[in-house]
Amino acid sequence: MSKMIKPDLIAPVDGRQSERALEIQRGTGRLLRRYGFVCLPEVTLKSGRRADLLAINPKGEIWIIEIKSSLADFRADSKWPDYWDYCDRLFFATNQETPEEIFPPEAGLIIADAHGAEIIRDIEHRKLAPARRKALTLHFAQIAAARLHAILDPGVPTHIEPAKL
């Protein structure tokens, strides 16, 4: 017998994610899988910032994707440069309705909908320090395992403290 997985067990739900943002997240996740990445939504970093999507590939490369579902959403958030301390590549993901020209060239750009996504502007790889990469990789694994455990054993705590980076 198969059970439907509730989205709130997979990622924290705090009401900040609009339906449009969740569609962008879904399509971007599908794009990341095509590139060999696995990703987790809503990952709190040591800085206290929360990455909309944190992705890692088999080589250990780490991408952060900041989802912006509208012009107002983009204008309300100026903390995005802080994410560069935690990834090899940083992207914005948005939808076709949001003007591409508002996104700064210091980050890549992904256009997505609920069914898929495309990288419109790639960004140069910036290599993370080995200690930071290891800490983030372990943090990613712990969060993924805790969320899976919560699906298998509802009611178990899922909060994982950010790794000491």
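Helices (H or I, at least four residues) and strands (E, at least two) are DSSP runs, numbered from the N terminus. On that basis the chain has four helices and six strands. Their order from the N terminus is α-α-β-β-β-α-β-β-β-α. The model is predicted: local features need pLDDT of at least 70, side-chain atom pairs count only at pLDDT 80 or more, and totals for chains, interfaces and linings use all residues. Residues are numbered from 1 along each chain as its sequence is written, and side-chain values use heavy atoms, with hydrogens and water left out.

The chain contains 165 residues, and 45% of them are buried. Here buried means under 20% relative accessible area, exposed over 50%, and partly exposed in between (1.4 Å probe, protein chains only). Of the contacts with a separation of 6 or more, 58% involve residues 24 or more positions apart.

Helix H2 spans residues 19-34. It has 16 residues and reaches 23 Å from its first C-alpha to its last. This is close to the 22 Å expected at 1.5 Å a residue, where the expected span is 1.5 Å times one less than the number of residues. The buried residues of H2 are Ala21, Ile24, Gln25, Gly27, Thr28, Gly29, Leu31 and Leu32. Their cover includes strands S1, S2, S3 (62-67), S4, S5 (108-113) and S6 (116-121). Gly36 follows H2 and has a positive phi, near 85°.

Pro41 belongs to strand S1. Pro41 is buried, with a relative accessible area of 10%. Its C-alpha atom is separated by 9.1 Å from that of Gly29, twelve residues apart along the chain.

Asp52 lies in strand S2 (residues 50-56). Asp52 is buried yet has no salt bridge. A salt bridge requires a side-chain nitrogen of Lys or Arg within 4 Å of a carboxyl oxygen of Asp or Glu. The nearest side chain of opposite charge is Lys68, 5.2 Å away; Lys and Arg count as positive and Asp and Glu as negative, while His and the chain ends are not counted. A polar atom of the Asp52 side chain does lie 2.7 Å from the backbone nitrogen of Ile67. Leaving aside residues up to four places away in sequence, Asp52 touches Gln25, Leu40, Pro41, Glu42, Ile65, Glu66 and Ile67.

The structure holds nine salt bridges. One of them joins the side chains of Asp82 and Arg49, at 2.8 Å from N to O. This pair links distant parts of the chain, 33 residues apart. Asp82 sits in the loop between helix H3 (71-75) and strand S4 (89-94). Arg49 sits in the loop between strand S1 (38-44) and S2. Asp82 is partly exposed, with a relative accessible area of 31%. Arg49 is partly exposed at 30%.

Asp77 takes part in two further pairs. With Lys68, its closest N and O atoms are 2.5 Å apart. With Lys79, the salt bridge is 3.1 Å, N to O. Asp77 is buried at 9% relative accessibility, and Lys68 is buried at 3%. Lys79, by contrast, counts as partly exposed at 27%. Salt bridges link Glu66, Lys68, Asp73, Asp77 and Lys79 in a network.

His139 lies in helix H4 (residues 130-152). His139 is buried, at 2% relative accessibility. The side chain of His139 reaches the backbone oxygen of Thr44 at 3.0 Å. The two residues are 95 residues apart in sequence, and their C-alpha atoms are 9.6 Å apart in space.

Methods
A polar contact is a pair of N or O atoms within 3.5 Å; within protein, one must be able to donate a hydrogen and the other to accept it, and residues adjacent in sequence count only if both atoms are side-chain atoms. Contact means heavy atoms within 4.5 Å.
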